[in-house]
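Reader: I would like to go through this model in short steps. Please keep the answers brisk.

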Amino acid sequence: SHAAVPSAALTVLPLLLLLTVVGGLVTYKATAALAVIEKVRATGTIKPRFDLVGAGSASAWLGVFGRTYSYFSAVWIALLFGVLIGGAVRAFVQPAWLASLFGRGRVRPQLVAGLAGAPLMLCSCCVAPVFTSVYERSSRLAPSLALMLAAPSLNPAALVLTFLLFGGKVGAARLLAGGAVVLFTGLLVEKLVAVRQPPPCPPAEERAAGGRSFVAAFVGSCLKVAAQTLPLILTGALVSMLIARWLPVSGLGAQTAGLVATALVALVAVPLAMPTFFELPLALILVGAGLPASAGVALLIAGPATNLPSLLTVGRATGWKTPALVAFVVWALAVAGGLLAGLV
């Protein structure tokens, strides 16, 4: 009976820790989201963050560093939650449990992973540490990508705001395209790319009890996840803010063909790092500047789904063909969704 107590504790404590961190994240994101939704319903618009994307300083690099600082000042709490969840998964979640959760087949794991990722409501870079740990523990790339893509693409609050600000047609286009991104991207990658498998992990109980306390195991795992992901996220954000200077607002206008404008905006949006909801005012700005509505819809689809920090994180874990294909699929679905919304 003495041995049963620590064994039960090793089973219950990690689950409680993971549920506590996830619950804290969902509460934090839902509280902020409800406040934004209420403000949008009252005013009919959403305030943009001009310090994140714009002409910037007279010095290109000063402008890039300033926008990068503004970006992390907006997302650091969510990024911390991403590292904590990734640390808990890496330290304590059993591969067998993930295998049971995802199940067999091709479609069911994508649906389950998408349903697990959407309530997190994290932007693409903040969910990247969760992707790294889920892929490491499960060795299942397609559902790991589905979870990562669902957090921003199927963010329920962002979808509600899209319907409020842009109407039913655009909201439905974003929902359908986001669902396609989550469902099909990982499946295509697994079919077309020879993916590097993650190194084998020791059983979670051994990691938690092998000479270290429960808290030390969790802290050590969080530090490992942070070391794996944060340098790539910081580098990707810096480069992304430099790309943001090329956002084709002044060079495109009403005279530009819808396909060209839509394709170019989606191309810039794929690597662009933006906080949750930022795609909404940015799409309004682009359409207000004279770009076709299809370009705004493409931004709403591609902007949240991926960014350069998350793509670099995926590349580190799987090999660099994977993020290239993920970026292409997201771009293609964003262009298709934008053009389809413009035709309907």
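Author: What follows is a set of questions and answers on cavities, salt bridges, a surface patch and backbone angles. The model is predicted.

Reader: How many cavities of 30 Å³ or more does a search of the whole structure find?

Author: The search covers the whole structure. It keeps cavities of 30 Å³ or more. The count is two.

Reader: Which elements give two or more residues to the lining of the largest cavity?

Author: This cavity holds about 100 Å³ of space. It is lined by 17 residues, and those closest to its centre are Cys123, Pro152, Thr276, Glu279 and Pro304. Two or more lining residues each come from α6 (141–153) and α13 (293–305).

Reader: How many residues in the lining of the largest cavity are charged?

Author: The lining divides by class. Ten residues are nonpolar and five are polar. The charged ones number two.

Reader: Which elements give two or more residues to the lining of the second largest cavity?

Author: The second largest cavity has about 40 Å³ of space. Its lining is made of Ser153, Arg174, Gly178, Val181, Leu300, Ile301 and Pro304. The elements that supply two or more of these are α8 (168–192) and α13.

Reader: How many salt bridges does a search of the whole structure find?

Author: Side chains of opposite charge can pair when their charged atoms come close. The search runs over the whole structure. It finds two.

Reader: How many residues apart in sequence are the parts tied together by Glu136 and Arg90?

Author: The side chains of Glu136 and Arg90 meet in a salt bridge at 3.0 Å, N to O. Glu136 sits in helix α5 (residues 124–138) and Arg90 in helix α2 (residues 60–92), so the bridge joins parts whose sequence separation is 46 residues.

Reader: Which helix holds Arg174, the partner of Glu279?

Author: Glu279 and Arg174 form a salt bridge through their side chains, at 2.8 Å, N to O. The pair links distant parts of the chain, 105 residues apart. Glu279 is in helix α12 (residues 279–288), and Arg174 is in helix α8.

Reader: Why does Glu279 count as buried?

Author: Buried means under 20% relative accessible area. Arg174 is buried at 2%. Glu279 counts as buried because its relative accessibility is 2%.

Reader: How much accessible area do Val12, Leu13 and Leu16 have together?

Author: Leu13 lies in helix α1 (residues 4–43). At 38% relative accessibility, Leu13 is partly exposed. The three residues form a nonpolar patch on the surface, and their accessible area together is about 240 Å².

Reader: What is the phi of Ser139?

Author: Most residues other than glycine have a negative phi. Ser139 is in the loop between α5 and α6, and is partly exposed at 34% relative accessible area. Although Ser139 is not a glycine, its phi is positive, about 55 degrees.

Reader: What is the phi of Phe277?

Author: Phe277 is found in the loop between α11 (258–269) and α12. Phe277 counts as buried, at 12% relative accessibility. Phe277 is not a glycine, yet has a positive phi of about 80 degrees.

Definitions and conventions:
Residues numbered from 1 in each chain as written. Predicted model: local features only at pLDDT ≥ 70, side-chain atom pairs only at ≥ 80, totals over all residues. Heavy atoms only, no water. 1 Å grid on protein atoms, 1.4 Å probe; cavity = no way out; pocket = protein on both sides within 12 Å on 5 of 7 lines; lining within 4 Å. Points joined across faces, edges and corners; volume = space filled by probe spheres on them. Helix = DSSP H or I, 4+ residues; strand = E, 2+ residues; numbered from the N terminus. Nonpolar A, V, L, I, M, F, W, Y, C, P; charged D, E, K, R; others polar. Patch = residues over 30% accessible without salt bridge, like charges linked within 9 Å, V, L, I, M, F, W, Y side chains within 5 Å. Areas by Shrake-Rupley, 256 points an atom, 1.4 Å probe, with all protein chains shown as cover. Salt bridge = Lys/Arg side-chain N within 4 Å of Asp/Glu carboxyl O. Buried < 20%, exposed > 50% of the residue type's maximum accessible area, 1.4 Å probe, protein only.
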